[in-house]
Amino acid sequence: MTIIAALAIGLIFGTGIAVSGMINPAKVINFFDIAGTWDPSLAFVMAGALAVTMVGYRVVLRRPAPVLDREFHVPTSRQIDLPLVLGSAIFGIAWGATGACPGGIIPAIGLGEPAALVFVVSIAIGIGIVRLVQARR
Amino acid sequence: MPTGFWDAYAGLFTSSRDRKRESSPLPAANLRLRSSRAVGGVIGRRHISSVMIEKFASSRCPVPSEFLDLHHTMLPGPTRGSNMTEFTPLASLLGGLLIGLAAVLLMALHGRIMGLTGILSGLLPPPDADWSWRAAFLLGAISAPALIVALGDRVIPFETPLSFGAQVVGGLVVGIGAALGSGCTSGHGVCGLARLSPRSLVATCTFMATALATVFVIRHLLGSA
């Protein structure tokens with residue numbers, strides 16, 4: 001049941017990414033190119049996603065536990081530290097340069113795009129490198 | 001590869017508007033030509049591609065020479081128009097609502113934050129004990145666009161201006177940054193902001209700002225498309 005539900009939710013997410021245009025790196029880059037070929041579409045993606053999630057989380061997180069698990073796995077850290085800011089800054093630079101964020105580019109594999117696969121494998125390796133370094137400490 | 005495959009493949013690069021305008025069946029050569037324009041506009045308006053032209057000339061579909069000349073004259077010049085993507089407020093809003101719905105459902109059912117960096121991270125070796133829902137979620141996310149294209153006869157544009165090497169380096173840095181910062185657009189930008197997490201607010205403002213600055217530097221200071 002857990003798996004089927006996750007598959008269905010993944011389908012909804014992937015459909016959202018495809019319909020919204022987040023799947024297209026060129027569109028993402030244009031969202032940031034305010035001084036040039038600006039395409040504000042992604043502001044609408046964020047607005048739609050945030051509106052639903054804000055209201056939905058309010059309702060859901062009031063319950064004692066999720067339907068398929070014993071507890072909610074929600075990050076509790078509130079500390080704003082160097083890795084958070086540095087990592088986000090680095091992510092933003094690469095996101096702007098490539099137009100590829102994990103959420104947008106993973107579904108793009110389903111389009112049969114070789115570039116999407118290259119991006120995702122590289123992103124996974126990048127995440128793996130950080131995990132290895134953090135595990136050593 | 002059968003011709004149909006390449007037609008379908010090239011068709012992915014043409015916008016749905018182009019597709020509608022040319023609803024009559026097209027020869028493969030024409031489709032390929034269009035696809036190169038769509039990509040070329042992004043790749044770098046100045047140097048698309050004598051290579052591409054040669055590829056057409058040597059491709060197995062005979063392309064009339066006047067076609068290639070036409071292609072030359074139709075190449076986007078060094079104007080701003082060549083990077084354009086279509087403004088899609090309604091589709092983007094609808095897509096955003098679906099993304100939000102998925103985030104809410106994943107919390108309601110699995111009790112998980114829908115952060116793609118985190119979900120992917122848990123699948124890397126050694127995989128987390130709960131790898132199965134992660135794999136199922138990603139399988140669904142990847143299947144959705146494939147199903148839309150296969151069943152709906154819709155065209156989903158995908159264009160990247162980057163070379164293979166740049167894709168590898170760019171992807172690596174995306175992964176390193178997202179993992180170090182504990183999240184990306186979906187985790188911090190949607191789920192975190194929705195929870196009013198101060199960490200996510202800082203992260204989202206930071207990566208939005210550096211992304212804006214990066215695109216400005218690449219496109220307007222360095223001048224490459």
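The structure is a predicted model, in which local features need pLDDT of at least 70 and side-chain atom pairs count only at pLDDT 80 or more, while totals for chains, interfaces and linings use all residues. Residues are numbered from 1 along each chain as its sequence is written, and chains are lettered from A and ligands numbered from 1 in the order in which they are written.

**Chain B as a whole**

Select chain B to begin. Chain B holds eleven helices and zero strands; helices (H or I, at least four residues) and strands (E, at least two) are DSSP runs, numbered from the N terminus. Of its 225 residues, 46% count as buried. A residue is buried if 20 or more other C-beta atoms lie within 10 Å of its own, exposed if 12 or fewer, and partly exposed in between, with C-beta atoms placed from the backbone. Among the contacts in chain B with a separation of 6 or more, 55% are between residues 24 or more positions apart. Two residues are in contact if their C-beta atoms, placed from the backbone, lie within 7 Å.

**The contact between the chains**

Next, display chain A together with chain B. The contact takes 105 residues from chain A and 103 residues from chain B. On the side of chain B that touches chain A, at least two residues each come from α6 (89–110), α7 (116–121), α8 (131–152), α9 (164–180), α10 (185–194) and α11 (198–221). The most is given by α6(B), with 21 residues. By type, this side of chain B divides into 68 nonpolar, 29 polar and six charged residues. Here Ala, Val, Leu, Ile, Met, Phe, Trp, Tyr, Cys and Pro count as nonpolar, Asp, Glu, Lys and Arg as charged, and the others, Gly among them, as polar.

**The nonpolar core**

Now select Ile9(A), Ile99(B), Ala102(B), Ala103(B), Val104(B), Leu105(B) and Val174(B), the residues with the most contacts inside the largest nonpolar core, which has 91 residues. A nonpolar core is a set of buried Ala, Val, Leu, Ile, Met, Phe, Trp, Tyr and Cys residues joined through C-beta atoms within 7 Å. The most is given to this core by α6(B), with 13 residues.

Centre the view on Ala102(B). Not counting residues up to four places away in sequence, Ala102(B) touches Ile9(A), Ile12(A), Phe13(A), Gly16(A) and Met114(B). From there, move to Ile12(A), which lies in helix α1 of chain A. Ile12(A) counts as buried because 20 other C-beta atoms lie within 10 Å. Apart from neighbours within four places in sequence, its contacts are Leu98(B), Leu101(B), Ala102(B) and Leu105(B).

**Helix α8 of chain B**

Select α8(B), a helix of 22 residues that reaches 31 Å from its first C-alpha to its last, close to the 32 Å expected at 1.5 Å a residue. The expected span is 1.5 Å times one less than the number of residues. At Ser143(B) the helix bends by about 25°, and a proline, Pro145(B), follows within four residues. The bend is the angle between axes fitted to the seven residues ending there and the seven starting there. Buried positions in α8(B) include Trp133(B), Phe137(B), Ile142(B) and Pro145(B). Their cover includes α1 (2–20) and α5 (102–108) of chain A together with α6 and α7 of chain B. After α8(B) comes Asp153(B), with a positive phi near 55°.

**Helix α9 of chain B**

Proceed to α9(B), whose 17 residues reach 24 Å from first C-alpha to last, close to the 24 Å expected. Twelve of the 17 residues are buried, so α9(B) is largely enclosed by the rest of the structure. Among what covers the buried residues are α4, α5 and α6 (114–136) of chain A and α7 of chain B. Ser182(B) follows α9(B) and has a positive phi near 60°.

**Two loop residues**

Select Leu123(B), in the loop between α7 and α8 of chain B. Leu123(B) counts as partly exposed because it has 16 C-beta neighbours inside 10 Å. Leaving aside neighbours within four places in sequence, Leu123(B) is in contact with Trp131(B), Arg134(B) and Ala135(B).

Finally, select Glu71(A), in the loop between α3 (41–60) and α4 (82–98) of chain A. With 9 other C-beta atoms within 10 Å, Glu71(A) is exposed. Not counting residues up to four places away in sequence, Glu71(A) touches Ala65(A) and Gly111(B). Glu71(A) and Pro83(A) are twelve residues apart in sequence, and their C-alpha atoms are 27 Å apart.
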